[in-house]
Amino acid sequence: MTIFEELKARGLIFQTTDEEALVKAFEEGPVSYYTGYDPTADSLHLGHLVAILTSRRLQLAGHKPYALVGGATGLIGDPSFKDAERSLQTKETVEGWVEKIQGQLSRFLDFENGDNKAVMVNNYDWFGSVSFIDFLRDVGKYFTVNYMMSKESVKKRIETGISYTEFAYQIMQGYDFYELNDKYGVTLQIGGSDQWGNMTAGTELLRRKADKSGHVITVPLITDSTGKKFGKSEGNAVWLDSTKTTPYEMYQFWLNVMDDDAVRFLKIFTFLSLEEIEEIGKEFDQARHQRLAQKVLAREVVTLVHGKEAYEQAVHITEQLFAGNLKALSARDLKVALNGVPTYEISADENLNIVELLVNAKISPSKRQAREDVQNGAIYINGERVQDLDYTLSDTDKIDNEITVIRRGKKKNFVLTY
């Protein structure tokens, strides 16, 4: 199976320019290709991972990747399929984000070994020195307004309004392709399907300005079975930065994907062979309740993004929480697992019984309800049920002398800190 056939089999090709010419280019020798990442935040997220891993697959097949982080385009903002204009960031902010994103990309692509080692580039290196007049004369003249307005990403914004700044974005991305072709011989661009208009602007500029052909592959925007998209704009971002989304949270995300998505995601997000995935799929279908596909998916992706140790910690936390064995976990583990749950800081002179504590920490809405919760067995301290109305916290309830976890009912957790 060729690399192009494998990408198709994994569901990683949404659109291409001339497919026959692209397949021929792969057959004739190593292809230099690039993927662009605009610094619109201080971290990439799972939506970016599809293109990143596709780039990695091509590198493993012998082709040469260029990872472009848009220090210039990040200052402008891509209008593609956005309902409103992005907020412009300062140059200093964008520079900081560029550095962080470059660090993340270095975890997935090999920048050190072989003739096809990856190269990191920043489009501010060429945009930073070009004058507005030169850009209009040397680049802008190759794009008609009619051509630019025909792009779907622009059409959707015409009614609500689009600034000239964002309107010109497609020319900037097109010029990236031209520059990379001129400097490094790059002939292929890979990106998300929402980037088709911007990416083909690059092939158009190559054709008109240099009389050369370029290729484009778009990967699909990944959605689950309900049509929900992986992306920060959807409010459900899973970030690649462990300080924004912990390995445990990422592990839980993959562990909880729907059955109908699990095997498909194995093809997209892991480097397991298609034969291995087929076998996992067969075993999974025989006992879906055991969630084999989700467990393998969580193992592979968390290990890939954060490393084996982070994956093992996530599994350990999950197992102990499921068993209700909170005292087997460290305060650090529990803070990771319970990131975002309500927290109440207990002062040094606070010595309350369980009823008063539940009310003060806003775990129960009133003393009457707190008494009922305790007597009905709905209150757990570090996983152990407490039904004594006179119970008072002691040092033995402090995990690592830092936190205590109170659970009300089956799922509502609260963290007490000292």
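User: How many residues does helix 10 have, and what distance does it reach from its first C-alpha to its last?

Analyst: In general, an α-helix has 3.6 residues a turn, so residues three or four places apart point the same way. In this predicted model, helix 10 is built from 16 residues and reaches 22 Å between its first and last C-alpha, which is close to the 22 Å expected at 1.5 Å a residue. Just after helix 10 comes Gly-185, with a positive phi of about 75 degrees.

User: Is helix 10 largely enclosed or exposed?

Analyst: Helix 10 is largely enclosed by the rest of the structure, because 13 of its 16 residues are buried. As for the setting, the chain has 19 helices and 11 strands, its C-alpha trace spans about 85 × 50 × 40 Å along the principal axes, and buried residues make up 49% of its 418 residues. Of the contacts with a separation of 6 or more, 71% are between residues 24 or more positions apart.

User: Which residues lie nearest the centre of the largest cavity, and which helices supply at least two residues of its lining?

Analyst: The lining is made of 10 residues, and those nearest the centre are Pro-79, Ser-153, Val-154, Gln-170 and Asn-198. Helix 8 (152–158), helix 9 (164–167) and helix 10 (169–184) each contribute at least two residues to that lining. Sorted by class, the lining has four nonpolar, four polar and two charged residues.

User: Which members of the largest nonpolar core touch the most other members?

Analyst: That core has 72 residues, and the members touching the most others are Phe-26, Leu-49, Leu-188, Leu-240, Met-250, Trp-254 and Phe-269. A second, separate core has 25 residues, including Tyr-34, Met-148, Ile-171 and Ala-201.

User: Where is Ser-193 placed, and which residues does it touch?

Analyst: Ser-193 is in the loop between strand 5 (188–192) and helix 11 (196–210). At 16% relative accessibility, Ser-193 counts as buried, and, not counting residues up to four places away in sequence, it touches Phe-14, Thr-218, Val-219, Pro-220 and Leu-221.

User: What should I make of a positive phi in a residue other than glycine, and what is the value near Arg-291?

Analyst: Most residues other than glycine have a negative phi. In Arg-291, phi is positive, near 55 degrees, and the residue is placed in the loop between helix 14 (274–286) and helix 15 (292–306). Its relative accessibility is 26%, so Arg-291 counts as partly exposed.

User: Is Asn-382 buried or exposed, and where does it lie?

Analyst: Asn-382 is buried, with a relative accessible area of 2%, and it lies in the loop between strand 8 (379–381) and strand 9 (384–385). Its phi is also positive, near 50 degrees.

Notes:
Residues are numbered from 1 along each chain as its sequence is written. This is a predicted model: local features need pLDDT of at least 70, side-chain atom pairs count only at pLDDT 80 or more; totals for chains, interfaces and linings use all residues. Side-chain values use heavy atoms; hydrogens and water are left out. On a 1 Å grid over the protein atoms alone, a cavity is a set of points where a 1.4 Å probe fits but cannot get out, and a pocket is an open set with protein on both sides within 12 Å along at least five of seven lines; lining residues have an atom within 4 Å of a point. Helices (H or I, at least four residues) and strands (E, at least two) are DSSP runs, numbered from the N terminus. Ala, Val, Leu, Ile, Met, Phe, Trp, Tyr, Cys and Pro count as nonpolar, Asp, Glu, Lys and Arg as charged, and the others, Gly among them, as polar. A nonpolar core is a set of buried Ala, Val, Leu, Ile, Met, Phe, Trp, Tyr and Cys residues joined through side-chain atoms within 4.5 Å. Buried means under 20% relative accessible area, exposed over 50%, partly exposed in between (1.4 Å probe, protein chains only). The expected span of a helix is 1.5 Å times one less than its number of residues. Contact means heavy atoms within 4.5 Å.
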